[in-house]
Amino acid sequence: MPRGIKDKVAILGMGCSKFGERWDKDADQLMVEAFDEALADAGIETSQIDAAWLGVGFDAQNIGPSGIPLSMALRLPNIGVTKVENYCASGTESFRGAVYAVASGACDIALALGVEKLKDTGYGGLPVRSRGTTFDMIGVTGSAPGSFAQIASAYRAKHGVSRDDLKRAIAHVSVKSHANGAKNPKAHLRKAVDMDTVLNAPMIADPLGLYDCCGVSDGAACAIVTTPEIAKALGKKDLVAVKALQISASNGWEMQQGGGWDGSYFHTTRIAAAKAYEEAGITRPREQVSLMEVHDCFSITELVTMEDLFISKEGDGWKDVLDGFFDADGGIPCQIDGGLKCFGHPIGASGLRMLYENYLQLLGRAGDRQRQDNPVFALSHNLGGQPVQNVSAVAIVGLHGA
Amino acid sequence: MTETGILSFGAYIPKRRLQRSAIHAFNSWFAPGMRGLAKGEKANANWDEDAITMAVEAARDGLTGLDRATVAGLTLASTTLPFADRLNAGIVKEALALPDATAASDAAGSLRAGSSALLQALGGQETRLVLASDRRLAKPGTEAEMNYGDAAAAMLVGQGDVIARFIGGHSVTVDFVDHYRSSGAEYDYAWESRWIRDEGYAAILGTALKDGLAKLGVDGASVTRSIIAVPVKGVPELLAKKAGLNPDSCVDPMMAIVGDSGAAHPLLMLAATLETAKPGDTILLASFGQGADVLLFEVTDAITRLPARRGVAGHLAFRAEDANYSRYLFHRGLHNLDKGMRAEMDQKQPGTTLFRQRKAVLGLIGGRCTKTGTVQFPKTEISVNPNDRAQGTQEDWPLAEKTATVIAFTADNLTYSPDPPSFYGTIDFEGGGRLVTEFADVTKEEVEVGVAMRMVFRIKAVDEMRGFTKYFWKAVPANKGDA
């Protein structure tokens, strides 16, 4: 077992732009918005950053290839900037680059920034795109909700959950996130909704209705990381440290081998979660994890993820959801900031937005939505791709030394 | 065993049957004269079907229970071949996973393309698969729109244990332009039906019938089944009578349930006739189009040993009544509904990748690891088996004829589909292998986790910018329409 990342890297500062339909801003302006906040929080100069990682999910929108757009937007001093793309895990992937750079000792201070301009496509939802020439000949170019909706059919079949029960459970997921988002000034969607509205909304991809789907947004988020020693030397007292950082990528097993994966869960999330808990030294996640930001691209994704993160027992996630266990005042709040559902989902920024919320909550800086029970470990999770073939990222941050 | 004749037959009729009353309800304000034709239904191909895909399905039906290695050649006859210069029959050959050493050719040019191809094949020595398939377009408000249906038929021809012995044939060619369609044009231009009846059917076909019977020395009264593929009520009986055939022997042209499937129709009627034929029956097949073909067969005992297939009857039973004229028009480019920005994705097909992956894409051939037996799609260098990443061990493993089970699925209203919602999901093949693919021609009631599916060859997408049709395999519920 490698030694892992636990407590080797601390977050020096974080920033997040307002998410939403930022009709008046280009990607470079969103990057500056997030970066300014992080830089002020970190209390350093731009010239102190040794290297940077840029996470973006969709190439075609706004920024184009390479790390240059980040270097230009922030006028970085010709340091190395690496652009990373790993589906919806791109933001966490950029964070991993910066964290590993600091942990290796190659850098003292590193920057991770994720950005996405999705409202320049002319239509709602994610841009339709190729997944490579071979895939395009034999794969299904469905919508994102269609891809994820399939997990509901297999989940119902495996666990004998009725269509109505599952529909109510996933509706609760969205009602809860809307209630949370209403309290978040940076959130894209800030309107509470009731169960009936969710249940009766137009069907997007059976069984997912309009409110079972997150919005897509414009936005940017960033983190500046360093070693705990440097952070202290710079005058930081309460340190949020990285406890675990794991990414798992499908190798084709789910999609290509019959009789294996049953379609009802996320294989990669289970692998990434198990490794992350081990790396963080967490043995009883349901008792030890204080709060979670998971990849609720669709309500069903969040519900199933509660099981894949070993918080709910397999087949019981829907009951925990309906019991309010993941509500803001529940056992483990999930998406206390509104989640992808309401904070919004600018792909490349999302993983860093989750870390941003967890960072604020751990430091008691989350304002109206601050969890009052002194959170210790906060987990964030991304899932990119589709159930049959995806990238899953699990990051755990916590108070340094915890 | 040197008799030449038909070894097997197959058919394909699309599931949706457009109600002619629905056409007339929409167009009667403009074309009230169509009222008399506004009865019954016609088979209409879905957006993802064309002469090639329907021919593949008819061929698979016709090859039920047979060793495909016996097929030495194949002809695809149609007046609506998707490609003017790319061997359409070559796509069928790949879909059927026939060996490269297959002589394949296209036949076209008239509504006799199918019967003439059959006649030619019967004159040869090799085992040849003759396919006839048509998906003709018709302008709204025309007789053609009311009459045309989409279908395909297959006849496996050769020597040996024939189910119908070829007695002989007779062909005449006359440049009688009852209708025509110039190269590149979409619609037929047709002359007055009364003239066609008198100078075409009665004079040209009528004479050919008489001459053919005389040439072959067959007494018309001995013919038990007369297939006179003329889509006009009463005309076959009239011609039969004049030629000395028993008018009661005339086979139903299926106008009320299929419609006129063009070059496919004579062979479709022949398939329907063979389905109910008895040993000893004499079958006459006559077709019309810038002349006429007359073919005579005698049914043998072997027909009783032919394995069950869907055939015409099976496909007719696997039917969905369709009153959605708007959708029918849209699928034929006659109704300019806005497809939205999601439909704008570039469908450019690199020729190089299609060629490299042609067995997977067109033949649905996956891989089977010779070491562990793991089946996968597509075939790759390293096995997908997580317990044994064996390298370079995979053999070709055809999946198209295997049934599969639904593991997960959805009905997607957001993604662009010409036939929304788009159904797709994950299926596991009997004997191993998994595929995520679209489901064709399904309704919400037909799909659930655990339901059995079978594969069909369909259009995946069309690159409208460059005029290229992309094909792949989709799943449909199994045991529907199975014999």
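Two residues are in contact if their C-beta atoms, placed from the backbone, lie within 7 Å. Helices (H or I, at least four residues) and strands (E, at least two) are DSSP runs, numbered from the N terminus. Axes are lines fitted to C-alpha atoms, for helices over the stretch in contact, and angles run from 0 to 180 degrees between N-to-C directions.

This is a predicted model: local features need pLDDT of at least 70, side-chain atom pairs count only at pLDDT 80 or more, and totals for chains, interfaces and linings use all residues. Residues are numbered from 1 along each chain as its sequence is written, and chains are lettered from A and ligands numbered from 1 in the order in which they are written.

**Chain B sheet.** Helix α1 (residues 20–27) of chain B lies across β2 and β3 of chain B, at about 40° to β2(B). An open sheet of 3 strands has the order β3-β2-β14 in chain B, with mixed pairing; two strands pair if DSSP finds at least two bridges between them. β3 (41–43) and β14 (320–322) of chain B are the edge strands, each with a single partner, so one side of each lacks a neighbour in the sheet. β2 (residues 16–19) of chain B pairs with β14(B) in the parallel sense over 3 bridges. B:Arg17 has B:Glu321 in β14(B) as its bridge partner.

**Chain A helices.** The axes of α5 (residues 144–159) and α12 (residues 299–308) of chain A come within 8 Å and cross at roughly 50°.

| Helix | Residues that meet the other helix |
|---|---|
| α5(A) | A:Phe148, A:Ala149, A:Ile151, A:Ala152, A:Tyr155 |
| α12(A) | A:Ile300, A:Thr301, A:Val304 |

**Interface.** 42 residues of chain B are in contact with 35 residues of chain A.
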